[in-house]
Structure formats: C-alpha cells, structure tokens
Amino acid sequence: MKKYLALFVSICLLSSCVQDIDFNNGIEKVLVLNCLLKNDTIQTLRLTRSISLNNHRTYEKVTEADIQLFVGDSMVGKFVYNGINKWELKYTPMASTEYKIVAIVGDTTLTASTTMPIGNLFDSNQTLDSYPTKNFIQYSAKYPTWITVINSANILLSASKPTSKDRACNDIGTNNKLADKFNQFGNLKLTISEANTPAYHYYIRLYNDDTLNEENPTDFVVEAGYEDYVYVSFITSSFEYDQYLKTSLQKVLSVADDTDPAIWFDESSIYSNIKNGKGIFGAYNEEFFRYDFKNRI
C-alpha cells in the first residue's frame with residue numbers, strides 16, 4: 001500500500017494538485033448496521049456510528065438501541081448487546097423466509113429486508129482428487145454461491161469449522177461453468193505448476209441458475225495450494241449479501257491495482273440495503289468440506 005500511496009502523491013505533484021484544507025469542516029455521523037443471518041442457532045449484529053472528521057473516518061460503538069427481527073409483522077426476537085461490541089439473538093432462521101430488521105437508535109430508525117436462502121446442493125467426488133485438484137458435483141443453484149479455500153493448522157478431527165487463526169488462500173481456480181469472471185486473473189498454473197484452471201482472487205463467485213437440478217448436475221473442480229488440513233467453503237448467499245460481497249471485493253481489487261491509478265478516485269459505493277444508514281442486512285447458508293490429508297470428515 002505504501003507503493004500505491006507514493007505513486008498517488010507523485011501524480012498530485014506532477015498535475016499541480018493543490019487544495020486548501022478546511023480544518024473546520026463539519027462532522028458527519030452515519031449509523032452502520034451489519035447483520036448476516038446464518039444457518040446457526042445464534043445470530044450476531046454489529047452497530048456503530050461512522051464519524052467523518054477532516055477527511056478521517058473513525059467508528060464508535062453503539063450500545064443502546066432497540067433492535068428487532070421480524071417475519072412479516074411478527075417479531076421473532078430482539079438483539080441484546082453482549083458488552084463486547086456485538087449484539088446477539090438466539091434464533092435459527094428458516095430457509096426461504098423473508099426477514100426484516102428494525103433498529104431504533106435515538107431518533108433514527110434503520111430498516112432492511114433479506115431472505116434466508118436454501119443452501120445450494122454440493123457433494124465431493126474424492127475418488128478423482130489429486131493435488132492440487134478437488135472434485136465436486138453441484139446439484140442446484142437457486143442462489144449465488146461464493147467458494148473459498150481455507151488452510152488450517154487444526155489437526156483435530158472434531159474441528160468441523162475453521163477458526164480465526166486459519167488462513168484463506170489468496171488464489172484459487174475452478175472450471176465451473178457458472179463462475180463469474182469479475183475477479184479472474186489468468187491461469188492458476190502461473191502460481192501452481194500442477195494446476196490448469198482459470199485463477200481467481202480470494203473467492204470464486206457462482207451465478208444462480210434455475211436450470212441446474214439433481215437430474216441436470218454439473219461436475220467441476222476447485223484448485224488451490226492445499227495443505228495437510230483444509231476446508232473448502234461453499235457460501236449460498238442471499239441476493240443482498242451477494243451484492244455486498246461482490247462490490248466489496250471489487251473495491252479491494254481496484255485499490256490494489258497500480259496499473260490504472262485513476263480508479264483510486266472512483267466514488268462508487270459498496271452496496272448497502274440499510275435504509276437511513278449504511279451497512280448490510282443479508283443472509284447465507286454455509287457448508288464446509290474438510291479434508292485431512294485426503295479424507296473428508
């Protein structure tokens with residue numbers, strides 16, 4: 001990032017980029033709500049206040065609010081602040097159900113809606129696996145799917161999910177016909193000699209496709225720099241969460257791209273569906289395939 005900043009400064013100097021700085025400009029405060037319903041028994045939410053002051057942005061936690069989750073006009077529960085910058089609700093979302101969140105913070109009411117997706121159906125075909133290729137079958141694609149590969153240091157067979165200490169692969173590849181090419185960058189063979197699929201930064205996004213079903217599945221592979229213990233994650237996302245993920249990754253990739261510095265000035269915002277604020281209210285259904293050496297558990 002220092003390289004990008006140095007180049008940015010050079011461009012400003014060469015183009016006589018001179019601007020008077022107003023150290024008395026106003027303070028802009030925006031409420032930011034981030035809540036992703038998931039296929040689990042506890043739902044979490046973060047609520048902060050984004051403060052823009054003299055071109056610097058900070059965030060302060062919000063600990064007092066009335067935050068309710070609804071199905072139609074029926075409230076299914078209230079989020080409770082847990083004392084460590086996170087709100088929690090004991091509730092398991094129902095698939096194919098539309099949810100609405102209402103957060104009252106002082107005189108401001110934040111609202112948003114999303115639908116809990118049915119998890120798209122995937123299975124592994126390990127008899128065909130060989131490094132760096134893992135084989136899968138996809139039987140449905142009602143919602144978009146995001147794939148990521150996570151290498152783990154946890155050797156316990158009971159570790160069915162990754163932890164915050166595990167590391168996602170930066171570069172992964174697939175031949176899935178539904179792959180979105182927005183973050184593709186050539187062939188994975190450039191970084192893994194045994195690979196032979198198009199390469200993607202961080203995630204592989206699969207389009208939704210109603211024609212895919214159990215009578216009409218698709219075989220595909222996921223290639224990566226797999227280590228001894230690894231998870232392949234399939235995140236079936238609501239359409240709101242899908243747009244949030246895609247626009248967020250597009251922003252990350254644009255900032256990292258030093259071939260076209262003009263895109264650093266792109267003011268396009270990351271997708272948000274929060275009325276009267278910023279952030280995201282979405283939902284996802286995640287499935288992990290864990291491999292210990294060559295065995296899935």
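## Strands S11 and S18

Gln 138 stands opposite Thr 218 in strand S18. S11 and S18 (residues 218–223) run antiparallel and pair over six bridges. Strands here are DSSP runs (E, at least two residues), helices are runs of H or I with at least four residues, and both are numbered from the N terminus. Two strands count as paired if DSSP finds at least two bridges between them. Strands of a sheet pair through backbone hydrogen bonds, either parallel or antiparallel.

The model is predicted; local features need pLDDT of at least 70, side-chain atom pairs count only at pLDDT 80 or more, and totals for chains, interfaces and linings use all residues. Residues are numbered from 1 along each chain as its sequence is written, and side-chain values use heavy atoms, with hydrogens and water left out.

## The six-strand sheet

S11 and S18 belong to an open sheet of six strands, in the order S10-S11-S18-S14-S16-S15, with antiparallel pairing. Strand S10 (122–124) and strand S15 (184–187) stand at the edges. Each has a single partner strand, so one side of each is left without a neighbour in the sheet. From one strand to the next, the twist averages 35°. Axes for such angles are lines fitted to C-alpha atoms, for helices over the stretch in contact, and angles run from 0 to 180 degrees between N-to-C directions.

The loop between S10 and S11 holds Pro 132. The peptide bond from Tyr 131 to Pro 132 is cis, with omega near 5°.

## The four-strand sheet

Another open sheet has four strands in the order S5-S4-S8-S9, with antiparallel pairing. Its edge strands are S5 (74–78) and S9 (108–115), and each pairs on one side only. The twist averages 25° from one strand to the next. Inside the order, S4 (residues 66–71) and S8 (residues 98–105) pair in the antiparallel sense over five bridges. Gln 68 has Val 102 in S8 as its bridge partner.

Two loop residues have a positive phi. Asn 85, although not a glycine, has a phi of about 65°. Asn 85 is in the loop between strand S6 (80–81) and strand S7 (87–90). Ser 96, also not a glycine, has a phi of about 60°, and is found in the loop between S7 and S8. Asn 85 is partly exposed, with a relative accessible area of 27%; Ser 96 is partly exposed at 41%. Buried means under 20% relative accessible area, exposed over 50%, and partly exposed in between (1.4 Å probe, protein chains only).

## Strand S19, covered on both faces

Nine of the nine residues of S19 are buried. On one side lie Tyr 229, Tyr 231, Ser 233, Ile 235 and Ser 237, and on the other Val 230, Val 232, Phe 234 and Thr 236. S19 has antiparallel partners. Eight bridges join S12 to S19, with Ile 150 opposite Tyr 231. Nine bridges join S19 to S20, with Ile 235 opposite Glu 286.

## Aromatic rings

The structure holds 14 aromatic pairs. Rings of Phe, Tyr and Trp (its six-membered ring) pair if their centres lie within 6.5 Å; planes under 30 degrees apart count as stacked, over 60 as edge-to-face and the rest as tilted. The rings of Tyr 143 and Phe 239 have centres 5.4 Å apart and planes at 40°, so this pair is tilted. Tyr 143 lies in the loop between S11 (133–138) and S12 (145–152), and Phe 239 in helix H2 (residues 239–256), so the pair ties together parts that are 96 residues apart in sequence. Tyr 143 is buried at 7% relative accessibility, whereas Phe 239 is partly exposed at 41%.

Phe 234 and Phe 289 have ring centres 5.6 Å apart and planes at 85°, so the pair is edge-to-face. Phe 234 lies in S19 (residues 229–237) and Phe 289 in S20 (residues 278–292), so parts 55 residues apart in sequence are tied together. Phe 234 is buried at 1%, and Phe 289 at 0%.

Lys 134 lies over the face of Tyr 226, at 4.7 Å from the ring centre, and over the face of Tyr 291, at 4.2 Å. A charge sits over a ring if NZ of Lys or CZ of Arg is within 6 Å of the ring centre and within 35 degrees of the ring normal.

## Confidence

The chain averages a pLDDT of 86, and 81% of the residues score at least 70. This score is the predictor's confidence in each residue, from 0 to 100. Over residues 1–26 the pLDDT is below 50. pLDDT also stays under 50 over residues 262–267. Where pLDDT is low, the predicted coordinates should not be read in detail.

Technical notes:
Contact = heavy atoms within 4.5 Å.
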